Amino acid sequence: MSVEIAVGFDFDHTLGVDNKLERTTALDMLAELAKARGLEYDLALAERAADEMLHAYRSGAVPSIDGAVAGFFERFLPIGAKLIDEAATFRAKTIERAPQHIEALPGVHELLAQLDAMGVRYAILTNGWSPLQEEKARLIDFREPVYVSERIGARKPSRDAFGVLAKYFELPFEQIWYVGDDPAIDCAGALALGMRTVWFNWEGKSYPSGLAAPEHDELPAILQG
């Protein structure tokens with residue numbers, strides 16, 4: 001007797017890439033804002049600051065993208081500027097530019113078509129902000145539900161975040177596969193709840209020795225058995 005399974009996917013570096021969309025937008029906006037105010041700044045320092053800002057948000061150290069972006073601009077622009085308004089502009093510009101940056105990774109469309117043919121349900125669970133993550137999924141023609149940490153109020157690797165998948169699929173964690181590229185957030189987080197895991201290591205990194213190892217390291221493993 002077969003057991004029903006379902007599959008949860010991360011998005012970034014698992015189903016698609018954004019080719020430094022947010023970084024490029026932040027740096028371009030900084031250049032425009034500085035020029036309008038007649039200011040100069042160190043570009044190399046700004047590039048490092050942009051990377052630090054995005055890492056802080058993505059790691060959860062800074063809880064909101066608006067606060068992260070406002071803090072980035074504040075490092076280079078005069079105090080008193082309406083930087084939270086610029087953060088809102090950053091969101092809009094990022095969404096506007098997304099079609100020029102987002103790409104599906106090779107084999108993704110074929111994988112999803114095979115899951116469809118097998119009748120296996122799937123969805124995205126991703127950390128990030130809305131509606132950017134939903135737009136990324138739309139741009140690779142992903143048609144199933146997309147759960148984004150900002151919208152659901154929980155971040156991976158928390159139980160509350162992965163629990164959204166269990167609730168949607170109406171399945172216990174043990175019958176859900178999770179596919180992601182981050183060993184700690186995706187793989188170890190899912191494994192701790194009893195989910196089956198695939199580490200999608202498209203960048204050829206080494207898996208950290210201190211973390212529980214995923215069951216598989218390639219997407220086709222989902223389709224076997």
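Buried means under 20% relative accessible area, exposed over 50%, and partly exposed in between, using a 1.4 Å probe and protein chains only. The structure is a predicted model, in which local features need pLDDT of at least 70, side-chain atom pairs count only at pLDDT 80 or more, and totals for chains, interfaces and linings use all residues. Residues are numbered from 1 along each chain as its sequence is written, and side-chain values use heavy atoms, with hydrogens and water left out.

**Whole chain**

Start with the cartoon view. The chain has 9 helices and 7 strands; helices (H or I, at least four residues) and strands (E, at least two) are DSSP runs, numbered from the N terminus. The radius of gyration is 19 Å, close to the 17 Å that the globule rule gives for 225 residues, so the chain is as compact as a globular protein of that length. That radius is taken over C-alpha atoms, and the rule is 2.2 Å times the number of residues to the power 0.38. Of the 225 residues, 47% count as buried.

**Helix H5**

Select residues 108-118, which form helix H5. Which residues of H5 are buried? They are Val108, Leu111, Leu112 and Leu115. These residues cover an arc of only 95 degrees around the axis, which puts them on the same side of H5; the arc is that of the directions from the helix axis to the C-beta atoms. Gly119 follows H5 and has a positive phi, near 75 degrees.

**Two cis peptide bonds**

Select Ser130 and Pro131, which are joined by a cis peptide bond with omega about 5 degrees. Pro131 sits in the loop between E4 and helix H6 (132-139). Next, select Lys156 and Pro157, where a cis peptide bond has omega of about 15 degrees. Pro157 belongs to the loop between helix H7 (149-152) and helix H8 (159-169).

Finish at the loop between strand E2 (16-17) and helix H1 (21-36), where Asn19 is placed. Asn19 has a positive phi near 50 degrees and is not a glycine. Its relative accessible area is 38%, so Asn19 is partly exposed. Lys20 lies in the loop between E2 and H1, and its phi is positive, about 60 degrees, although Lys20 is not a glycine. Is Lys20 buried or exposed? At 55% relative accessibility, Lys20 counts as exposed.
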